[in-house]
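Please look at the structure below before reading the numbered points.

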Amino acid sequence: FFPAVGFKQQKRRTFPSLFSTTAYRLDRMEFLYTRQQMEGFKGYQSKVKIGNWSEDMELEAAKLKNYLMKKERGQLKCSQAEERFAHALQTAGLSPKTNDGYVHFGDTLMLFNQATDGCLACDPQESLSDETFATTSTWYTEPCARNTFMMRRWEGRGDKKDAMFDFKDDVVHFGQKIQLMCNPVLLGGQQAFLTSSPRTPTSYSRYSRNQEVCISNATGWTTVWEVQYLDPQFKMEMEGQAVPTNAPIALVHCGTHQHLASDVIKYKNDFGTEYEMFCKTFSDIEKSQLGLREKRMLGDCNRWCFVSSIPSEDDLPPPGTE
């Protein structure tokens with residue numbers, strides 16, 4: 001039996017404190033690293049020969065070797081971004097079949113919006129699901145791979161209106177069902193179409209929470225659109241007439257009967273700040289009388305036009321003339 005004082009002294013000698021052990025370890029580390037390196041200071045380089053300079057030299061040589069290998073294989077982030085932008089923004093010519101001023105099936109054209117002063121564009125790298133990717137209204141109005149589309153005829157089953165008009169020519173008419181296909185150059189020859197689906201709690205546009213518009217690899221009734229005349233007062237009279245280029249029109253989604261729209265809602269992606277695409281009918285709500293036709297036109301967000309050619313400087317009128 002030991003007294004209390006002797007017991008405390010023996011316990012102190014047998015079990016060293018944590019502070020003494022930590023200090024002993026720090027003393028040993030001072031032989032391998034400098035104080036600046038231990039505290040995270042990066043002011044000294046390996047050529048100064050202070051601290052663990054040999055390991056720093058090997059680490060720098062390994063980083064340089066890894067960088068050169070990725071650069072040679074094209075695996076650097078900057079190289080991948082440059083290749084992606086060069087592929088998406090490569091020049092794509094607008095190719096109308098004839099210059100008669102009408103839209104034809106098979107034409108490569110752009111879709112211009114009046115509200116945003118931009119063109120419909122797509123981004124295959126921004127995936128929304130396994131089969132869809134994002135669309136926007138871009139400020140870049142030069143014809144390129146991501147903002148040009150090919151006009152396709154809908155060959156599937158239609159509605160009762162299709163039985164009234166049996167179009168045999170290749171000209172697009174008001175009231176006719178169409179599909180807008182992405183430029184095959186952008187997807188390596190694969191087919192993808194402009195599509196939309198009803199709004200659900202899990203499927204909606206990112207910012208405005210309206211009906212989502214995207215590009216899908218699948219074909220079906222959700223990829224079918226109808227070209228309508230912009231003025232509702234003469235919409236019935238214009239059905240069956242040829243659709244002119246560079247003229248305002250409206251596109252209605254056949255699956256949901258909502259108009260294709262774009263508004264000045266900022267949508268940030270890798271190409272900068274663009275505008276959001278969605279489906280919504282912008283028109284004034286008012287009570288109509290029996291027998292009178294609605295005379296309100298659609299809003300600027302629903303006004304589109306097919307651009308089949310870019311006018312050159314020679315085609316523009318001289319300044320000072322109307």
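1. Asp-300 is partly exposed, because its relative accessible area of 38% falls between the limits for the other two classes: buried is under 20% and exposed is over 50%, with a 1.4 Å probe and protein chains only. The side chain of Asp-300 forms a salt bridge with that of Arg-303, at 3.4 Å from N to O. A salt bridge here is a side-chain nitrogen of Lys or Arg within 4 Å of a carboxyl oxygen of Asp or Glu. Side chains of opposite charge can pair when their charged atoms come close.

2. Note that this is a predicted model, in which local features need pLDDT of at least 70 and side-chain atom pairs need 80 or more, while totals for chains, interfaces and linings use all residues. Residues are numbered from 1 along each chain as its sequence is written, and side-chain values use heavy atoms, leaving out hydrogens and water.

3. The protein has 322 residues, and 35% of them are buried. It contains 6 helices and 12 strands; these are DSSP runs numbered from the N terminus, with helices (H or I) of at least four residues and strands (E) of at least two. A contact means heavy atoms within 4.5 Å. Of the contacts with a separation of 6 or more, 66% are between residues 24 or more positions apart. The protein exposes about 20,600 Å², with 53% supplied by carbon and sulfur atoms; such areas come from the Shrake-Rupley method with a 1.4 Å probe, and for residues only the protein chains shown count as cover.

4. How many salt bridges are there? The count is 7. One of them joins Arg-153 and Glu-155, at 4.0 Å from N to O. Arg-153 is partly exposed at 23% relative accessible area, whereas Glu-155 is exposed at 65%.

5. Lys-177 and Glu-226 also form a salt bridge, with their closest N and O atoms 3.8 Å apart. This pair links distant parts of the chain, since Lys-177 is in strand S5 (residues 177–182) and Glu-226 is in strand S8 (residues 225–229), 49 residues apart. Are the two partners buried or exposed? Lys-177 is buried, with a relative accessible area of 3%, and Glu-226 is buried at 6%.

6. Helix H5 covers residues 77–88, which is 12 residues. The expected span of a helix is 1.5 Å times one less than its number of residues. For H5 this gives 16 Å, and the end C-alpha atoms are 16 Å apart, so the two agree. Ser-79, Arg-84 and Ala-88 are buried in H5. The buried residues line one face of the helix, because they fall within an arc of 155° when seen down the axis of H5; the arc is that of the directions from the helix axis to the C-beta atoms. Cys-78, Glu-82 and Ala-86 are exposed on the other side of H5.

7. What do the buried residues of H5 pack against? They pack against strand S2 (118–127). Arg-84 also takes part in a network of salt bridges with Asp-123 and Asp-270. Glu-126 is in strand S2 and is buried at 14% relative accessibility. Leaving out residues up to four places away in sequence, Glu-126 touches Phe-133, Ala-134, Arg-206, Tyr-267 and Asn-269.

8. Phe-149 lies in strand S4 (residues 149–153) and is buried, with a relative accessible area of 2%. Cys-182 is 33 residues from Phe-149 in sequence, yet their C-alpha atoms are 4.8 Å apart. Apart from neighbours within four places in sequence, the contacts of Phe-149 include Asp-107, Leu-120, Met-181, Cys-182 and Ile-215.

9. Leu-64, Tyr-67 and Leu-68 make a nonpolar surface patch of about 300 Å². Patches use residues with over 30% relative accessible area and no salt bridge, joining like charges within 9 Å and nonpolar side chains (Val, Leu, Ile, Met, Phe, Trp, Tyr) within 5 Å. Leu-68 lies in helix H4 (residues 53–73) and is partly exposed, at 46% relative accessibility.

10. Two loop residues deserve a look. Arg-209 is not a glycine but has a positive phi of about 60°. Arg-209 sits in the loop between strand S6 (193–196) and strand S7 (211–216), and is partly exposed at 40%. His-257, in the loop between strand S9 (249–253) and strand S10 (260–269), has a positive phi near 60° and is exposed at 58% relative accessibility.
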